[in-house]
Amino acid sequence: MTNSWADIGWTDLAIIMGGNAAEAHPCGFKWVVEAKANRGAKLIVVDPRYTRSASVADFYCPIRPGTDIAFLGGVINYLLSNDKIQHDYVKNYTNAAYLVNPAYGFSDGLFTGYDEAKRDYDKSSWDYQVGEDGFAKLDDTLQDPNCVFQLMKKHFAIYTPEMVERICGSPKDKFLKVAEMIASCSTPTKTMTSMYALGWTQHSKGSQNIRAMAMVQLLLGNIGVRGGGMNALRGHSNIQGLTDLGLMSNLIPGYLTLPTEKEPDFNAYMSSRGFKPLRPGQMSYWQNYKKFFVSFQKSMWGEAATAENNWAYDYLPKLDVTYDMLRVFDLMVQGKMTGYFCQGFNPLMTLSNRGKLTEGLSKLKWLVTMDPLDTETSRFWENHGEFNDVKTGDIQTEVFQLPTSCFAEDEGSLVNSGRWLQWHYPGQEPPGEAKLDTWIMAQIGQKLKALYQKEGGAFPDPILNLTWNYADPNNPTPQELAKEMNGSALADQMDPKDATKVVVEKGKQLSGFAQLKDDGSTQAFCWIYTGCWTEAGNQMARRDKEDGGTGLAPKWAWSWPANRRILYNRASSDVAGKPWDDSRKLVYWAGDKWAGIDVPDYGAAFKPEQTVGPFIMNPEGVARLFTRKMMRDGPFPTHYEPFEAPVANAVAPKIRGNPAARIFKGDFAALGSSDKYPYVATSYRLTEHFHQWTKHVWVNAVLQPEFFVEISEELAKEKGITKGGWVRVWSNRGSVKAKAVVTKRIKPLMVDGKPTHIVGIPQHWGFMGAAKKGMNPNSLTPFVGDANIETPEYKAFLVNIEAIASGPVA
Amino acid sequence: MIGELSRRQFLRTAGAGVAGTTLGAMGFGGAEQALAQSVRPFKLAKTTETRNTCPYCSVACGILMYGVGDGSANNKQAIMHIEGDPDHPVNRGTLCPKGAALLDFVHSDTRLKYPMHRKPGSDKFERVTWEFALERIARLMKDDRDKNFVAKSKDGVTVNRWTTVGFLAASATTNETATLTYKVVRSAGIVAFDNQARV
Amino acid sequence: MANQSLNLLRRSASTDTPPVTGGQTIEVAKLIDVSKCIGCKACQSACLEWNNLREEVGVNVGVYDNPHDLTPNSWTLMRFAEWDNPDTGNFEWLIRKDGCMHCQDPGCLKACPAPGAIVQYTNGIVDFVHENCIGCAYCVKGCPFNIPRISKVDHKAYKCSLCSDRVAVGQGPACAKACPTAAIMFGTKEDMKKQAEKRIVDLKSRGYANAGLYDPAGVGGTHVMYVLHHNDKPEIYAGLPHEPKISPLVAAWKGTGKVLALGALAFAALGAFFHHTVVGPNKVSEHDEENAAELAEEGKSSKTEARPV
C-alpha cells in the first residue's frame with residue numbers, strides 16, 4: 001500500500017477492482033464503510049461476480065476475468081478525451097511531458113523490438129530522448145507527438161466504451177457510469193483510493209493491470225494524498241515483510257537485486273546501479289545503492305567482507321535465470337532438483353496444475369516441510385482416493401515433516417500492507433515437540449556449517465564466515481535478529497560537519513538509513529528497516545494510538561521507510577508546497593521547512609523553488625506514466641487475452657496470451673481451447689476461510705464446510721445442474737468434483753456478441769484438516785505466470801462443466 | 001505478562017464481581033439466587049492477557065490472547081480465548097470470521113507435535129527425534145551441495161550458485177525468522193528461493 | 001455505557017417480581033445495520049468461540065448459509081437472500097444476521113411453564129436458565145421469530161443470551177465486538193435508535209426511500225433492532241416477519257394458574273418427555289401439547305452436541 005488502512009477512511013471514492021476487500025480483508029474494509037458513513041464516500045466494485053464487497057457498494061459493474069486492462073484503458077481514454085485530469089499534478093509530477101525516442105512504436109498489439117522466438121523484446125527504443133547535458137528532454141506544452149502524454153492518448157484511444165463492452169462484457173452504460181464516478185475525482189479536492197489484491201496480480205499480465213490503475217491515479221492526482229493511493233491489500237500476514245527482506249530468487253533485502261552472471265565483478269554490478277538523475281537537481285535516492293549493499297554484505301559476512309574482496313561480492317550467488325516457483329517445479333519434473341524445503345508453504349494446494357506438482361515432488365530425492373499444520377504437501381505421497389490419487393509405493397521421495405510453533409507461541413514482528421512493523425508476544429509454548437522456526441533454521445545452518453568445518457567441500461567460505469553473533473548459537477532470539485535487521489555502527493560515526501564529534505559510537509544501533517556508509521563502517525541487514533530498533537529501543541513495539549483522528553497512527557509500531565505512513569507524501573501539495581486540499585493537509589511547505597502530520601517523503605532542506613520532484617526514488621523525480629524499459633511486456637499496459645480465453649484478442653487477433661510471458665513448452669501444449677472448454681473459470685477466496693489454513697480450524701470448517709463451484713442460473717439450466725447437486729468441472733489439465741451453488745450473483749456476459757458463462761471456483765479445500773475433504777481449483781489452473789513476476793494465471797482459464805450423480809470417493 | 005495491566009485488572013475485578021460482590025450487594029431474597037443462577041460467570045476472570053497480531057491477512061489486526069495458567073513452574077500457560085485488541089488503530093477490537101476463530105487454529109487437531117519421517121516408498125510417517133531429522137537433513141544438503149554446486153559458469157564467470165536444492169519460505173513467519181532463513185539459505189548459495197508473495 | 005449490573009425484571013412461570021435495585025435501569029440494544037453488513041460471519045464465529053459452542057461440520061447445499069438453520073449450538077446465523085429489485089432492476093444481495101430479538105414482551109418467557117427457566121433483566125435481555133429448563137419447547141411456540149432450539153443431548157432450549165455474562169461486566173456482546181464493519185453495534189436502546197436515525201438519513205440520500213428501523217411494536221419493541229434498506233418489506237430479508245406477534249395461544253395462557261400447574265409439569269418432564277399431563281387446577285390443553293411436542297421435534301436439529309472445547 002502507498003497509504004495505510006485507516007487512511008482509507010479519508011477517501012471520497014473507493015474502487016475495489018482486482019480484489020474483494022470485504023471478504024478477504026474485512027477489518028481493513030471497515031474503513032470503506034467508515035468513509036461512506038462519515039464522509040458520504042461512494043464505493044464502486046468491478047468484479048466478475050457480485051461479491052460481498054458488491055453487496056454494500058453504491059455501484060457494481062461486472063467484467064469478464066482477465067480483461068481489466070481493456071476496462072482501465074477505457075477509463076484512461078475517457079479521462080483524456082473528456083479532459084478529466086488534474087493538470088498541475090500530471091504536468092509537474094509525472095513524466096507526461098518527457099519526450100520518447102521516435103523509434104518507439106506500437107502496432108498490432110506489439111511494441112517495437114519484439115522477437116517471437118525468444119518471446120521477448122529488444123527494449124532499446126523504449127526510452128526518453130536524452131540531451132547533450134545527459135538529461136531527458138521535455139515538452140512542457142504536452143503537444144509534441146513523441147511526448148508521453150500524446151503517446152498515451154494515442155495508445156489508449158482504441159479503448160472506447162464500445163470496445164470495453166465488446167472485450168470485457170461490461171455493459172456500456174455501466175462502464176460509463178464507473179468512468180464518470182472516477183472522473184469526478186480529477187479535482188484536487190476529491191480523491192479516489194484503489195484497493196486491489198490477487199484479482200489483479202494473478203494474471204499473465206498482472207503487473208500491467210496494476211500499472212493501468214496507477215496511471216489512472218496519477219492522472220487524477222491521487223498518489224501521495226490522503227484517502228488516495230494504490231493500495232495492494234496483500235495476502236498473508238507477513239508477505240510484505242518476506243518480500244522486503246528479499247526471500248526471493250533474485251532479491252537482496254530492501255529491494256536490492258542479486259547479481260546476474262552478466263555482472264562478473266562488483267564494478268560491473270554497480271555500473272548498472274548508478275541511478276544518475278535524469279533531470280537537474282533530482283534526488284534519485286537509489287544513488288545510495290552502494291551504501292545499502294555494502295552495509296548488507298557487512299551484516300552477512302562481517303570481517304570477511306572487505307574493500308579488498310569487494311565486500312565479499314563473490315559470496316553471493318549469480319543468477320543465470322530467475323528461479324521462481326514455476327521454474328523450480330518445471331526443473332523438478334525434468335529431474336533436475338534434488339531436495340526442497342517448504343517452510344509454512346503448501347504448494348501442492350497453492351501452485352497451479354496440481355498434476356505437474358505431484359509429478360515434480362515425486363521426482364525429488366527429499367522434501368522437508370516445516371509447518372504448524374499437517375499440510376497436503378507433506379503428505380503428497382499418501383493416497384486419499386479421488387482426493388489424492390497417487391501410487392504411494394512408486395514414490396521414492398524421502399520426506400521430513402517438522403512441527404513448528406504458530407503465531408501464538410513466537411515473538412517478533414510482522415509487516416502489514418501499510419508497511420507497519422508490529423511486534424507481538426507469545427502466549428503459550430508450542431505443543432508436543434514443536435519448535436520455533438528460528439530454532440529450526442539455526443539448527444540447519446549450524447549443522448551444515450559443522451559438516452563443512454569437519455569435512456571441507458564446495459566453496460564453504462560464505463557458510464563458514466556467516467555472521468553468527470548470537471548469545472546461544474543454537475537459538476538466536478528475536479531481539480538479537482531484530483537489532484541485526486536494523487543495523488549498527490562498526491566504527492565511530494563522525495558528524496559530517498564536525499569531524500571531532502561522534503554521532504554514533506561503535507557498536508551502537510543506527511537510527512536511520514541516512515547513517516549508512518559504503519566504506520564498511522556500518523552494517524544493516526535490511527536498509528529500509530533501519531530505524532526499527534534503535535538505541536531508543538524497539539520501535540516496533542510502540543503502542544501509542546493517538547493520532548488526532550488522522551488514521552496515520554505515527555506513534556503506533558513503526559513503518560518503513562523512516563516511519564513514513566503515506567509514500568510520496570510531498571505530492572499532497574502543489575509545486576509551491578501548498579496543500580491541494582486544505583481539509584486533508586498531509587505534508588506542506590511551512591515557509592522555512594516541510595511540515596505536516598507525516599514524515600516528509602522528501603529532502604528536509606529542499607525549498608519548493610528547487611523543483612525537486614516528489615517521486616524521489618526515480619531518477620526523473622516524477623512518476624512514470626511511460627515506464628521506459630522497466631517492464632518486460634511494454635512501457636504502457638495493453639490488452640492481452642488470458643492464455644486460455646473464450647475469444648480472440650479483439651485488438652490484436654493473432655496474439656495468444658501475453659506475448660512476453662514465459663511459458664514452458666509442455667505447459668503451452670497443455671493449454672485448452674474454447675471449443676472443448678467453453679466456460680471462463682476464475683478461482684478465489686471466501687471470507688469464511690483463509691487460504692489453505694482454516695480448513696484445519698473447526699469453527700471455519702463449520703462456516704463453510706465443503707468445496708463448491710458457483711454458476712449462474714442460466715448455465716445451470718442449460719446444463720441441467722441443480723442447486724446443491726454434484727458437478728464435474730474439468731480443464732485440459734485436470735478435473736474436480738464439487739457441489740454446485742447456483743446463484744443470481746453470477747450472470748452470463750455478452751462478450752464480442754456471444755453469451756459467456758463464468759464458473760467460480762473457491763480455493764480452500766484439500767484432503768487434510770477439519771473441513772470436508774475436497775478438491776481444489778489448482779487441479780485445473782494453467783502453469784503460466786505474469787511476464788514480469790511469474791505469478792500464475794489463477795484468475796482466468798477455461799473449463800467445461802457437467803452435472804454428475806455423486807461426489808468423489810475418499 | 002505483557003498485556004496492559006489496567007484492562008486485565010479491570011476484567012479480573014469485574015469478573016469476580018459477577019460471581020460475588022455485585023450480586024451480594026443487591027440484597028433481594030430469592031431473586032438474588034435466581035440471578036446468580038442465571039448469569040454465567042465471566043470466563044476471562046483471572047486469565048493472563050498477551051498481545052499478538054492475527055497471523056492471517058495483511059490487515060494485521062491486533063489481538064489479545066487470554067491464557068489460563070499463570071506461567072508458574074508447574075502451571076504452564078495455555079490460550080483459552082482470543083479477541084480483538086480495542087486499542088489497535090486499524091481493527092479497533094474487531095475481527096473477521098477467521099480472526100474470531102483463532103483459538104481453534106492454536107488448538108487444531110491437525111497441529112503437528114512431533115518430527116515425522118517418511119522413508120522412500122513407504123505408506124506412512126514414522127516419528128523420529130529432532131536430532132535424527134536435523135542431522136540427516138544437513139547431511140543430505142551437504143552431499144548434494146558438494147556434488148552440484150556451480151562455482152563457475154561455462155564462460156568462466158564465478159557464479160557460486162547451488163540450483164538443485166530449493167527453499168520456499170513462509171508468508172506468516174516473523175521478520176526475525178525470515179532474516180535467519182535468508183542468512184542460512186543465501187549463504188549456502190541457494191537460488192531456487194521463493195515465498196508466497198509469488199502466488 | 002454504564003456497567004450493566006443485571007437486575008431481574010421477570011421470570012417465567014413465577015409470581016415473585018423481584019425488586020429492582022441498584023439505581024437506574026438502562027435498557028440496552030443491539031443494532032444490526034443490514035446496509036453495512038458484509039455477511040462475513042464474524043458474528044457467528046465470535047458467538048461459537050465466546051460461548052464455547054462447536055457446531056458439527058455440515059455440507060454445502062447450494063447456498064452460503066452454514067449451518068443451514070439455527071441450532072442449539074448456533075445461536076446466530078447469517079441468512080443470505082438474493083433479490084432482484086423490481087423498482088430499479090438491480091440485483092441486491094440481502095444478508096441478515098438472524099438470532100434472538102430479545103423482545104420487550106417476550107413470547108418465549110410468556111409461554112414457558114418452568115419456573116425461572118426464562119428470565120428477563122431490567123436492561124431488556126431475555127436469557128434462558130438451563131438448570132430450570134424442562135425441554136418442553138413451549139418457548140419455540142411462543143417465539144414469533146422462530147428462534148429457540150431444543151438440544152437432543154440435554155433436551156434443553158438454547159438461544160442467544162445477548163452475552164449477558166459480558167454485558168454484566170460492561171462489555172458488549174461477542175458478535176458486536178467482532179463485527180468488522182460496525183454493522184452490529186451495542187449500547188443503550190436510546191443511543192442505538194439515534195444511531196439508526198443517522199444511518200437512515202444516509203441510506204435515503206443514497207436512494208433507499210424506504211430505509212427504516214425494525215423495532216416491531218407487536219412484541220413491545222425489541223432489544224435487537226435492524227436498520228433495513230427496505231423497511232417496508234422486511235420479509236425479503238430471509239423471511240423477517242412483517243408484523244410479529246405472540247401467538248394467541250400463548251397470549252391466552254398466562255396467569256397464576258399456569259404457575260401452579262407447572263411444578264407438576266416439570267416433574268413429569270424430568271421422567272420422560274411430556275407424555276400425559278397432568279393434574280391441578282389448570283390444565284394445559286391437548287392442542288398446546290401437540291403443538292409444543294411438534295415444535296420441539298422440529299427444534300432438535302443437531303445430533304451432536306458439540307466438539308469439546
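This is a predicted model: local features need pLDDT of at least 70, side-chain atom pairs count only at pLDDT 80 or more; totals for chains, interfaces and linings use all residues.
Figure 1. Cys100(C) sits in a loop of chain C that runs between strand S4 (91–99) and helix H2 (107–111). Apart from neighbours within four places in sequence, its contacts are Val126(C), Ile147(C), Lys159(C), Cys160(C) and Val224(C).

**Figure 2. Cys103(C) in the loop between S4 and H2 of chain C.** Cys103(C) is buried, with 28 other C-beta atoms within 10 Å. When residues up to four places away in sequence are set aside, Cys103(C) touches Val126(C), Val219(C), Gly220(C) and Thr222(C).

**Figure 3. The cysteines annotated in chain C.** An unreviewed UniProt entry lists Cys100(C), Cys103(C), Cys108(C) and Cys143(C) under "binding site". These residues are spread over 44 residues of sequence, yet they cluster in space, with a largest C-alpha distance of 10.4 Å.

**Figure 4. The contact between chain A and chain B.** Chain A contributes 133 residues to this contact, and chain B contributes 103 residues. On the side of chain A that touches chain B, helix H16 (residues 437–455) of chain A supplies the largest share, 10 residues. By class, that side of chain A has 72 nonpolar, 40 polar and 21 charged residues.

**Figure 5. Helix H18 of chain A crossing helix H6 of chain B.** The axes of H18(A) (residues 478–486) and H6(B) (residues 175–187) come within 9 Å and cross at roughly 70°, so H18(A) is roughly perpendicular to H6(B). Residues Pro478(A), Leu481(A), Ala482(A), Glu484(A) and Met485(A) of H18(A) meet Asn175(B), Glu176(B), Thr179(B) and Leu180(B) of H6(B). The contact of H18(A) with H6(B) has, by class, 5 nonpolar, 2 polar and 2 charged residues.

**Figure 6. Strand pairing between chain A and chain B.** Strand S14 (residues 398–403) of chain A pairs with strand S4 (residues 116–118) of chain B in the antiparallel sense, over 3 bridges. Within S4(B), Arg118(B) stands opposite Val399(A).

**Figure 7. Glu34(A) in helix H2 of chain A.** Helix H2 of chain A, which spans residues 26–39, holds Glu34(A). Glu34(A) is buried, with 21 other C-beta atoms within 10 Å. Glu34(A) and Ile8(A) are 26 residues apart in sequence, and their C-alpha atoms are 8.6 Å apart in space.

Technical notes:
Residues are numbered from 1 along each chain as its sequence is written. Chains are lettered from A and ligands numbered from 1 in the order in which they are written. UniProt positions are given in the numbering used here, feature names are shortened, and annotations may be inferred rather than shown by experiment. Helices (H or I, at least four residues) and strands (E, at least two) are DSSP runs, numbered from the N terminus. Two residues are in contact if their C-beta atoms, placed from the backbone, lie within 7 Å. A residue is buried if 20 or more other C-beta atoms lie within 10 Å of its own, exposed if 12 or fewer, and partly exposed in between; C-beta atoms are placed from the backbone. Axes are lines fitted to C-alpha atoms, for helices over the stretch in contact, and angles run from 0 to 180 degrees between N-to-C directions. Angles under 35 degrees count as roughly parallel, over 145 as roughly antiparallel, 65 to 115 as roughly perpendicular and the rest as oblique. Ala, Val, Leu, Ile, Met, Phe, Trp, Tyr, Cys and Pro count as nonpolar, Asp, Glu, Lys and Arg as charged, and the others, Gly among them, as polar. Two strands pair if DSSP finds at least two bridges between them.
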